[in-house]
Amino acid sequence: MRVRTGPRRAAVLGSPIAHSLSPVLHRAAYAELGLEGWTYDRFEIDEKALPGFFETLGPEWAGLSLTMPLKRAVIPLLDGISETAASVDAVNTVVLTEDGRRTGDNTDIPGMVAALHEHGIDKVDTAAILGAGATASSALAALSRVCTGEIAVHVRSEARADEMRQWAERLDVTVRIAAWDDAEEALHAPLVVSTTPAGVTDALAHAVPERPAALFDVLYDPWPTALAARWSAYGGAVVGGLDLLVHQAVLQVEQMTGRSPAPLEAMRRAGEQALAAR
């Protein structure tokens with residue numbers, strides 16, 4: 001991997017974007033790596049504004065991080081995407097080369113796997129996913145690398161259920177669709193992945209078993225969630241959204257800068273400090 005030299009720009013795009021911790025993480029990495037002249041900003045960009053923003057990108061741009069609602073909207077604007085991104089039709093990373101090529105990748109999926117591995121979760125026989133929104137497809141792809149058996153997906157609408165069935169077929173994983181009303185059952189799985197918005201799983205906290213296994217809650221603000229707090233209090237392993245955010249950002253930094261390894265611990269500390277200050 002060639003190391004980029006000279007002033008370079010990178011940024012995170014999305015809407016809403018003011019809450020994003022990505023600038024904190026990437027800037028911490030640049031400081032630790034001694035990358036003077038590198039900047040990382042945030043831009044409030046929706047699907048309609050995205051093509052126009054791309055037209056402004058010059059050779060000084062090294063990469064972009066993408067959040068909702070841009071992860072699929074960006075694909076037609078790219079020269080190519082990785083197999084990982086193609087597996088879920090979602091791009092959260094764009095690497096821009098000096099010759100103008102724009103390549104998309106998805107670091108959420110390997111980021112999830114790396115976060116689980118860091119907490120000693122390498123393989124499970126079965127797993128459960130709470131929710132079937134935008135993050136659930138990436139969670140399903142990550143679990144395809146970790147779970148050897150059935151994955152129960154607890155959904156709140158039949159439309160979402162159909163989507164998850166389609167993703168399961170595409171990813172070649174065994175999925176059982178379950179009703180949200182039965183979500184308490186999921187808490188007994190060897191690995192539970194919560195992909196729901198803030199507050200949705202609060203009502204499940206009372207049902208955490210006395211000896212829970214592992215919970216991966218993709219939220220990081222507010223943290224801990226009621227579910228994660230009860231899980232941790234009962235001695236279960238908890239992987240949080242900041243773990244995911246840092247691990248996927250590490251991969252982004254390495255791709256955009258050409259420097260490896262990225263300083264994971266420095267990035268994590270910066271993220272923790274930023275959250276504590278909110």
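Reply: Two strands pair if DSSP finds at least two bridges between them. Strands (E, at least two residues) and helices (H or I, at least four) are DSSP runs, numbered from the N terminus. Bear in mind that this is a predicted model: local features need pLDDT of at least 70, side-chain atom pairs count only at pLDDT 80 or more, and totals for chains, interfaces and linings use all residues. Residues are numbered from 1 along each chain as its sequence is written, and side-chain values use heavy atoms, without hydrogens or water.

Me: How do you know that β8 and β9 pair?

Reply: Strands β8 (residues 151-155) and β9 (residues 175-179) share five bridges, and the rule asks for at least two, so they count as paired. They run parallel, with V155 opposite A179 in β9.

Me: What makes the crossover from β8 to β9 right-handed?

Reply: The chain goes from β8 through helix α6 (residues 158-171) to β9. With the strands pointing away from the viewer, a right-handed path from the first strand over the helix to the second runs clockwise, and this β-α-β crossover is right-handed.

Me: Why are β2 and β4 called edge strands?

Reply: The open sheet has six strands in the order β2-β1-β3-β5-β6-β4, with mixed pairing. β2 (38-44) and β4 (80-81) each pair on one side only.

Me: Which residues of α4 are called buried?

Reply: In α4 (residues 108-118), they include I109, M112 and L116; buried means under 20% relative accessible area (1.4 Å probe, protein chains only).

How values were computed
Buried < 20%, exposed > 50% of the residue type's maximum accessible area, 1.4 Å probe, protein only.
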